[in-house]
Amino acid sequence: LRARIERLLQPLRRTRPVEEWAGAIELLLQSVYGERDLQENRPRDRPLLEVIPRLSRLLDESGAPAGDGGLNLSGGAFLRVLIELLRGASVPLLPEEEAVDILGWLELPLDDAPVLILAGMNEPHLPEAIVEHPFLPDALRTRLGIPDNTHRRARDGYLLAAALAARSEAVLIAGRRGAQGDPLRPSRLLLTGEAQVVARRIRRFLGEEEPGATDWPDQGQPGPSDRGHPGPLTEGLPSPVEFPVEPKLVLPPEPELVLPPGPIRVPVSSFSLLLRSPYEWVLTRVLKLATPEEGAQELSAIAFGNLLHSTLEVLGRELREELDPTRIEAGLLAALNRVARARYGSRPLPSVRVQLQIAEHRLRAAAEAEAAERAKGWRTRAVEVSLPPEGVSFPVGGREFLLTGRVDRVDAHPDGRWRLLDYKTGERVDAPEKAHWSPARGESPARWTDLQLPLYHHLAGFLETRDRDPVGVNGGSALEVGYFALPRAIDEVGVAMAPWSADEIADAVSAARDALMTLAGGKVVFDESSPAPKGNSPLAPLLGVGILTPFPADDESEGEDEA
């Protein structure tokens, strides 16, 4: 091989006038690429087909006679000149027939695509508004003559009208619920125009009318359907409404809730709610207040998490001893396909198909993370292990509480260590320490905000399989607890362990007893200083949170384990 390369480069090992190098370089290129069948529609040939014509033009220019006193260069020097002249030239990507161009809002009217799919027609994204600016509130912006919310609303209304008028077909999409199940508000630009038009749009948004129905009143006159034009956009635009950022609860009809007699079952995963609001905990966990089921067109956060949980079970079953990340990935994707077909059929709704692709994306990253953990010696010994169905006795204040819960998987290491892992599939997954403790370690006053993992550590000796066989895990220094996180950010997928000491685990158990003490008396009283309920709380829609008032910006709560 070396001898062949030497023969190939031999013509370059001399000094020539610049105008003579063009022919030598062309012969070199022909000897290397002359017999290749280059095709424009083949991605690997695309860069070469772009570079060769440019290089040919440069060689033609360099081959022109230079007259007397022409410059002499070595082959290496001449090639460096060519490379420098080609540096920075771009090679356009091969167009893909199935590709969809994604543009920003301000660029839409300038695009000439015949079909427009506009997603995100929700408040507060469209129209854009700045609320409660610390230095330039909207009223002051108006006085100063600089862009205010009225100006932005008019701008966005114009851009929407222009984008729709330039196309034969347009589809406007407004989400009804966020990732955590919280209700979303449609854009005000969709709620302008004649009363009958607005009413039909609201009914469609609430799922009470089929999408094919027209928004235009039947007055015997022609008019575009809702797929082509949303009707008047600039008439009767409402004034912006400023909502409080952190709404407080309003006193409900029942200021005092009485617990029924007898033992109370307490899922370990529900302690975060109990610590935050005992009143809401009794409503949901004891009195069984639940959000009414709706005809959802997509998977809720809990359903999406359950889908991934069921798929990941194969890591502790069929794929238990697999070390190759490619095989692990193939096994996970096959399991996802089986679970999805069983739950949603062979032709799920388009929104569900998109969510399944998101799940595939996370599972590919999970396969890499799993292979890395197995390379360290960890092996999964059991999946979906639980505390006994009847619960573990945990008496507090003279009242019997029964702790229940389920651990997603148990891993073992050859050096004798064990670990309990809980899968977390939210949009954002905090590290175990941050999720259970506030504020950060070392700051004060510190308090537990969740007790799920430390209680699993404390109750590890009670864990058993579905067949009621003991797992054989004991607490102590050889046991660790943590998350296997699968968030939206793929680079954050992987195992995150909690660094708690034995004293901190004991402190968490004490915090659990203190939390249950609020229930030991048999009743809870509503506290007006309680924070607003989170997005997955059935209490939220009763109090208008998320509808009349927004959720806190950092609300990324995930569904709780019902075990």
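Modeller: Two strands are taken to pair if DSSP finds at least two bridges between them, and the strands themselves (E, at least two residues), like the helices (H or I, at least four residues), are DSSP runs numbered from the N terminus. This is a predicted model, in which local features need pLDDT of at least 70 and side-chain atom pairs count only at pLDDT 80 or more, whereas totals for chains, interfaces and linings use all residues. Residues are numbered from 1 along each chain as its sequence is written, and side-chain values use heavy atoms, with hydrogens and water left out.

Colleague: How many bridges join strand β10 to strand β11?

Modeller: Strands of a sheet pair through backbone hydrogen bonds, either parallel or antiparallel. Here β10 (residues 406-412) and β11 (residues 418-424) run antiparallel and are joined by four bridges; in one of them, Asp411 has Arg419 of β11 as its bridge partner.

Colleague: In what order do the strands of the open sheet with β10 and β11 follow one another?

Modeller: The order is β7-β10-β11-β14-β15, five strands with mixed pairing. At the edges stand β7 (379-386) and β15 (494-497), each of which pairs on one side only. Angles are taken between lines fitted to C-alpha atoms, for helices over the stretch in contact, and run from 0 to 180 degrees between N-to-C directions; with direction ignored, neighbouring strands of this sheet are turned by 30° against each other on average. Helix α12 packs on the sheet, touching β7, β10, β11, β14 (479-485) and β15, and its direction makes about 155° with that of β14, contact here meaning heavy atoms within 4.5 Å.

Colleague: Which strand holds Glu384, and what is the value of its phi?

Modeller: Glu384 lies in strand β7, and although this residue is not a glycine, its phi is positive, at about 50°.

Colleague: Why is the pair of Tyr423 and Phe484 edge-to-face?

Modeller: Rings of Phe, Tyr and Trp (its six-membered ring) pair if their centres lie within 6.5 Å, and planes under 30 degrees apart count as stacked, over 60 as edge-to-face and the rest as tilted. The search of the whole structure finds four aromatic pairs; in the pair of Tyr423 and Phe484 the ring centres are 5.7 Å apart and the planes stand at 65°, so the pair is edge-to-face. Because Tyr423 lies in strand β11 and Phe484 in strand β14, the pair ties together parts that are 61 residues apart in sequence.

Colleague: Which residues does a cis peptide bond join?

Modeller: The cis peptide bond joins Leu126 and Pro127, with omega at about 0°, and Pro127 is placed in the loop between β3 (115-119) and α5 (138-144).
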